[in-house]
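Welcome! Please take a look at the sequence and the fold below, and then let us walk through the arrangement together.

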Amino acid sequence: MDPNKRPDDMQRITTPELANAFIDEQVESLRAQVGDGKVLLALSGGVDSSVVAALLIKAIGKQLVCVHVNHGLMRKGESEQVVDVFQGQMDANLVYVDAADRFLDLLAGVAEPEAKRKIIGAEFIRVFEEEARKVAGEVGFLAQGTIYPDILESDGVKAHHNVGGLPDDLQFELVEPVKLLFKDEVRVVGRALGLPENMVERQPFPGPGLGVRCLGAITRDRLKALREADAILREEFAAAGLEGRVWQYFVSVPDFRATGVRDGVRAYEWPAIIRAVNTVDAMTAEVPELDWALLKRITARILDEVPGICRVVYDLTPKPIGTIEWE
Ligand code: XMP
């Protein structure tokens with residue numbers, strides 16, 4: 001039997017009962033696979049890695065070593081939530097790496113989107129590798145949040161390394177407990193494991209994070225404005241009951257300014273661009289017709305609460321032609 005093929009008769013996990021049965025089964029097989037060994041996991045706080053972490057904590061407790069790399073490009077409150085949930089509530093063995101300065105120093109002055117992605121990706125691997133080396137020898141396993149679409153998309157060929165790129169001398173056996181599940185099933189399992197709703201329903205977030213939303217060369221002040229504006233957008237979407245109902249929504253802030261008037265004085269500040277999309281597979285995407293009152297509320301709050309932003313626009317471009325991210 002191909003371990004990377006979902007059996008035809010595998011029941012779809014749609015209820016807490018089915019999720020609990022899956023969890024019990026996985027706890028048993030994870031214990032059998034790992035024994036008294038240690039497992040390393042890059043925990044971003046995304047749905048998949050969070051569910052894998054919660055499963056492994058249940059199965060092997062402190063034999064799991066979670067590494068959360070804060071690259072300084074996370075959304076507001078995200079790294080804090082990872083620490084709070086996994087260290088505070090689940091008592092996990094969590095290594096928190098504050099690497100913000102490393103990333104932001106390397107990115108200073110780099111405007112080209114693909115160059116930014118390369119720097120962020122390569123530095124992420126370097127930071128993770130440093131942490132992996134500290135525990136290498138003790139740790140024989142690497143857990144990954146691979147899910148079934150990753151396997152399907154890579155055509156059965158292993159091209160779905162979430163962490164990827166670790167050097168050959170760091171040899172780990174892979175642990176991939178949710179690799180046969182679809183995203184909706186991973187969410188049901190996450191809920192059954194007691195993860196907070198906003199973590200389970202978390203929208204996709206690109207690996208390079210806010211790095212590809214702070215358009216052009218990233219500066220710390222503009223990144224700060226972006227993070228605040230994005231937090232307001234997410235707060236208002238959640239309050240309007242749109243969390244989990246609109247596929248992805250976020251703010252980008254370009255590296256040019258627009259003119260405004262604030263309290264009778266000329267302002268020359270950045271615009272905030274709101275993007276919201278619905279899609280099935282991210283290959284094509286539609287822009288939802290958001291409630292006008294919601295858009296006005298978000299606009300008013302951003303203009304009022306975020307220093308440095310004097311204009312708000314809603315991007316109406318479908319994909320194609322516009323990609324979901326601006327960069
Ligand atoms: P685009 O912009 O290509 O985005 O229409 C499609 C989906 O992919 C996400 N995205 C990324 N995810 N690394 C990632 O892990 C990246 O470099 C990256 N670029 C885009 C994007 O957020 C959307 O969900």
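## A bridge in the sheet

Ala-42 has Val-67 in S2 as its bridge partner. Strand S1 (residues 38-42) and strand S2 (residues 64-70) pair in the parallel sense over four bridges; two strands pair if DSSP finds at least two bridges between them. Strands (E, at least two residues) and helices (H or I, at least four) are DSSP runs, numbered from the N terminus.

This is a predicted model, where local features need pLDDT of at least 70, side-chain atom pairs count only at pLDDT 80 or more, and totals for chains, interfaces and linings use all residues. Residues are numbered from 1 along each chain as its sequence is written, and side-chain values use heavy atoms, with hydrogens and water left out.

## The whole sheet

The open sheet has five strands in the order S3-S2-S1-S4-S5, with parallel pairing. Strand S3 (93-98) and strand S5 (173-175) are at the edges with a single partner strand each, so one side of each lacks a neighbour in the sheet.

## Helices on the sheet

Helix H2 (residues 47-60) packs on the sheet and touches S1, S2, strand S4 (139-143) and S5; contact means heavy atoms within 4.5 Å. The direction of H2 makes about 160° with that of S1. Angles run from 0 to 180 degrees between N-to-C directions, and axes are lines fitted to C-alpha atoms, for helices over the stretch in contact.

Helix H3 (residues 78-89) also packs on the sheet, touching S2 and S3. Its direction makes about 165° with that of S3.
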